[in-house]
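The following paragraphs lead the reader through one protein model, element by element. Please keep the sequence and the coordinates in view while reading.

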Amino acid sequence: QVQFVESGGGLVQPGGSLGLSCAASGSILSMYDMGWYRQAPGKQRELVAVIITSGGSTNYADSVKGRFTISKDNAKNTVYLRMNSLKPEDTAVYYCYVDALVSGYSPRGYWGQGTQVTVSS
């Protein structure tokens, strides 16, 4: 249905920066919104940031406002997350999410496989 290529995770020191990218492919007819969620050990998955593909409006979790920036490239069905001033509490598996209409299916959400971000000295 939808395949993802996620990249950019890794280990970074507190105060550092990382960039994530997620390219979606498949029989995608329309993309509605794209976003990033994260899940830390022992915690529920939470929204980090979302961007509406038409218009580009964004929404961020309070914990990342002013530090993270979400952006997109509609032509490439790719969403990016720039993370600055990283904190140890940002450590989590980050999941790409897209809301899309795929040929033969009703509109629904699709999840990437996740990429680990570790913030530690």
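Leaving aside its neighbours within four places in sequence, which residues is Asp 33 in contact with? They are Val 50, Ile 51, Ile 52, Thr 53, Tyr 97, Val 98 and Asp 99, where contact means heavy atoms within 4.5 Å. The model is a predicted one, in which local features need pLDDT of at least 70 and side-chain atom pairs count only at pLDDT 80 or more, while totals for chains, interfaces and linings use all residues. Residues are numbered from 1 along each chain as its sequence is written, and side-chain values use heavy atoms, with hydrogens and water left out.

Asp 33 belongs to strand E4, residues 28-39. Strands (E, at least two residues) and helices (H or I, at least four residues) are DSSP runs, numbered from the N terminus. Asp 33 is buried and yet has no salt bridge. Buried stands for under 20% relative accessible area, exposed for over 50%, and partly exposed for values in between, with a 1.4 Å probe and protein chains only. A salt bridge is a side-chain nitrogen of Lys or Arg within 4 Å of a carboxyl oxygen of Asp or Glu. For Asp 33, the nearest side chain of opposite charge is that of Lys 72, 12 Å away. In this assignment of charge, Lys and Arg count as positive and Asp and Glu as negative, whereas His and the chain ends are not counted.

Salt bridges do occur elsewhere: a search of the whole structure finds four. Strand E4 also holds Arg 38, whose side chain meets that of Glu 46 in a salt bridge with an N to O distance of 2.7 Å. Arg 38 counts as buried because its relative accessibility is 6%, whereas Glu 46, at 36%, counts as partly exposed. The side chain of Arg 38 also meets that of Asp 90 in a salt bridge, at 2.9 Å from N to O. Asp 90 lies in the loop between strand E8 (78-83) and strand E9 (92-102) and Arg 38 in strand E4, so this pair ties together parts that are 52 residues apart in sequence. A network of salt bridges links Arg 38, Glu 46, Arg 67 and Asp 90. Another salt bridge joins the side chains of Lys 65 and Asp 62, at 3.1 Å from N to O; Asp 62 counts as exposed because its relative accessibility is 65%.

Rolling a probe the size of a water molecule over the atoms shows where empty space is left. Here, on a 1 Å grid over the protein atoms alone, a pocket is an open set of points where a 1.4 Å probe fits, with protein on both sides within 12 Å along at least five of seven lines, and lining residues have an atom within 4 Å of a point. The largest pocket holds about 160 Å³ of space, taken as the space filled by probe spheres set on the points, which are joined across faces, edges and corners. Its lining has three nonpolar, two polar and four charged residues. In this scheme Ala, Val, Leu, Ile, Met, Phe, Trp, Tyr, Cys and Pro count as nonpolar, Asp, Glu, Lys and Arg as charged, and the others, Gly among them, as polar.

Pro 88 is partly exposed, with a relative accessible area of 46%, and is in contact with Pro 14 and Val 119 when neighbours within four places in sequence are left aside. The loop between E8 and E9 also contains Ser 85, a residue other than glycine whose phi is positive, near 50°. Ser 85 is partly exposed at 41% relative accessible area.

Ser 85 is also among the residues touched by Ser 17, not counting those up to four places away in sequence; the others are Val 12, Arg 82, Met 83, Asn 84 and Leu 86. Ser 17 lies in the loop between strand E2 (10-12) and strand E3 (18-26). Ser 17 and Asn 84 are 67 residues apart in sequence, while their C-alpha atoms are 4.4 Å apart in space.
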